[in-house]
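Trainee: Could you walk me through this model, one feature at a time?
Mentor: Gladly. Ask as we go.

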Amino acid sequence: MATENPRDAISGRNLGRTGLIVYPVGLGAMPLSLDGRPDEKTGIAVIHAALDAGVTLIDTADSYCRDESDVGHNERLIAKALGAHSAGRTVTVATKGGHVRPRGAWMTDGRPERLRRCCEASLKALGVEAIALYQFHRPDPRVPFADSVGALALLKQEGKIRHVGLSNVSAAQLAAAQQ
């Protein structure tokens, strides 16, 4: 007896105004790459279980890692898992840039040149030509917000990002970014 595909049982939802249709529950993959993370085989099994359950959105970031020597771990793990699963090509991966992990600490770096390097590293780690949804992880108080968001707009114009997102912003910052 064939089992029902969970994606068929629950209709997808629009992801904001992107036009991307995703299952209403996504996978936040951060725990698969921090201290105490599972081994790679188990991490891939977790991602595959999520895909088997119908998940079509995976949230990650280049900074989901142990420290600066491990940057991109989560993205590489996700790319490996998606490449080994039949549903891998139908998944929207949302990743982020703007955090750094010196000695495992969480710090911001929203400089435009840094965001560009992060995006390019994420493209390589994920093994894609364009990132479906690239988000500014958190505003950096040392960098004008418009400069950081402007860097993502340029990356979108260049075709490296399909959709720009913002994480951890205020309503005022969201309104400013929409300008």
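Trainee: At what angle do helix H3 and helix H4 pack?
Mentor: Helix H3 (residues 73–83) and helix H4 (residues 112–126) then pack at about 30 degrees, and their axes are 8 Å apart. That makes H3 roughly parallel to H4. The cut-offs: under 35 degrees is roughly parallel, over 145 roughly antiparallel, 65 to 115 roughly perpendicular, the rest oblique. Helices (H or I, at least four residues) and strands (E, at least two) are DSSP runs, numbered from the N terminus.

Trainee: What should I keep in mind about the source?
Mentor: This is a predicted model, with local features needing pLDDT of at least 70 and side-chain atom pairs pLDDT 80 or more, while totals for chains, interfaces and linings use all residues. Residues are numbered from 1 along each chain as its sequence is written, and side-chain values use heavy atoms, leaving out hydrogens and water.

Trainee: Which residues in H3 meet which residues in H4?
Mentor: Look for contact, meaning heavy atoms within 4.5 Å. From H3 come Glu75, Arg76 and Ala79; from H4 come Ser122, Ala125 and Leu126. By class, that contact of H3 with H4 has 3 nonpolar, 1 polar and 2 charged residues. (Ala, Val, Leu, Ile, Met, Phe, Trp, Tyr, Cys and Pro count as nonpolar; Asp, Glu, Lys and Arg as charged; the others, Gly among them, as polar.)

Trainee: How many aromatic pairs are there?
Mentor: A pair of aromatic rings is described by the distance of the centres and the angle of the planes. Rings of Phe, Tyr and Trp (its six-membered ring) pair if their centres lie within 6.5 Å; planes under 30 degrees apart are stacked, over 60 edge-to-face, the rest tilted. By this rule there are 2 aromatic pairs. Tyr64 and Trp106 form one that is edge-to-face, 6.4 Å centre to centre, with 70 degrees between the planes. Tyr64 lies in the loop between strand S4 (57–59) and H3, and Trp106 in the loop between strand S6 (99–100) and strand S7 (107–108), so the pair ties together parts that are 42 residues apart in sequence.

Trainee: Is Tyr64 buried or exposed?
Mentor: Tyr64 is buried, at 7% relative accessible area. Trp106 is partly exposed, at 38%. Buried means under 20%, exposed over 50%, partly exposed in between (1.4 Å probe, protein chains only).

Trainee: How far apart are the ring centres of Phe136 and Phe145?
Mentor: Their centres are 6.2 Å apart and their planes are at 40 degrees, so this pair is tilted. Phe136 is buried, at 0% relative accessible area. Phe145 is buried too, at 16%.

Trainee: Which charged end sits over the ring of Trp106?
Mentor: That of Arg101, 3.8 Å from the ring centre. The test takes NZ of Lys or CZ of Arg, within 6 Å of the ring centre and within 35 degrees of the ring normal. Both residues also touch Ser63, whose contacts are His99, Arg101, Trp106 and His137, residues up to four places away in sequence not counted. Ser63 is placed in the loop between S4 and H3. Its relative accessibility is 2%, so Ser63 counts as buried.

Trainee: Which residue has a positive phi of about 50 degrees?
Mentor: Arg103, although it is not a glycine. It lies in the loop between S6 and S7. At 75% relative accessibility, Arg103 is exposed. Asn168 has a positive phi of about 60 degrees, and is not a glycine either. Asn168 lies in the loop between strand S9 (161–166) and helix H6 (171–178). It is partly exposed, at 43%.

Trainee: How many residues separate Arg17 and His163 along the chain?
Mentor: They are 146 residues apart, yet their C-alpha atoms are separated by 9.3 Å. Arg17 is in the loop between strand S1 (13–14) and strand S2 (21–22). Arg17 is exposed, at 78%. Now take Arg13, found in strand S1. Arg13 and Asp39 are 26 residues apart in sequence and 32 Å apart in space, C-alpha to C-alpha. Arg13 is partly exposed, at 44%. Beyond neighbours within four places in sequence, Arg13 contacts Leu20, Ile21, Val22 and Pro24.

How values were computed:
Axes are lines fitted to C-alpha atoms, for helices over the stretch in contact, and angles run from 0 to 180 degrees between N-to-C directions.
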